[in-house]
Amino acid sequence: MKSIRRELLTKENVICMRTSVGRTKQAFALLSEKVLDNLQTFLAGDGVQ
């Protein structure tokens with residue numbers, strides 16, 4: 001029995017670049033800043049943005 005992954009990858013209308021996106025240094029830095037901002041807001045008692 002074929003795996004679902006193999007079945008999807010062999011479909012004509014499925015494009016798989018076999019790479020992950022969104023994990024750039026810039027994206028990681030922006031996400032880190034947002035997390036730190038949320039922690040500071042939460043600890044100050046103002047809720048999370």
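Predicted model: local features only at pLDDT ≥ 70, side-chain atom pairs only at ≥ 80, totals over all residues.
Trainee: How many helices and strands does the protein have?

Mentor: Two helices and zero strands. Both terms refer to DSSP runs: H or I over at least four residues for helices, E over at least two for strands, numbered from the N terminus.

Trainee: How do you know that the span of helix 2 agrees with its 19 residues?

Mentor: The expected span is 1.5 Å times one less than the number of residues. That gives 27 Å for helix 2, and its end C-alpha atoms are 27 Å apart, so the two agree.

Trainee: Why is Thr41 called buried?

Mentor: Buried means under 20% relative accessible area, exposed over 50%, and partly exposed in between (1.4 Å probe, protein chains only). Thr41 has 16%, so it counts as buried. Thr41 sits in helix 2. A polar atom of its side chain lies 2.9 Å from the backbone oxygen of Asp37.

Trainee: And what makes Thr24 partly exposed?

Mentor: Its relative accessibility is 45%, so it falls in the middle class. Thr24 belongs to the loop between helix 1 (4-9) and helix 2.

Trainee: What does the side chain of Thr24 reach?

Mentor: The backbone nitrogen of Ala27, at 3.0 Å.

Trainee: Why is Leu43 called exposed?

Mentor: Its relative accessible area is 72%, so it clears the exposed cut-off. Leu43 is in helix 2 (residues 25-43).

Trainee: Which residues form a nonpolar patch with Leu43 on the surface?

Mentor: Leu31, Val35, Leu36, Leu39 and Phe42. Patch members need over 30% relative accessible area and no salt bridge; nonpolar side chains (Val, Leu, Ile, Met, Phe, Trp, Tyr) are joined within 5 Å, like charges within 9 Å. A salt bridge puts a side-chain nitrogen of Lys or Arg within 4 Å of a carboxyl oxygen of Asp or Glu. Together the patch has about 640 Å² of accessible area, by the Shrake-Rupley method with a 1.4 Å probe, where for residues only the protein chains shown count as cover.

Technical notes: Residues numbered from 1 in each chain as written. Heavy atoms only, no water. Polar contact = N/O pair within 3.5 Å; in protein donor to acceptor, adjacent residues only side chain to side chain.
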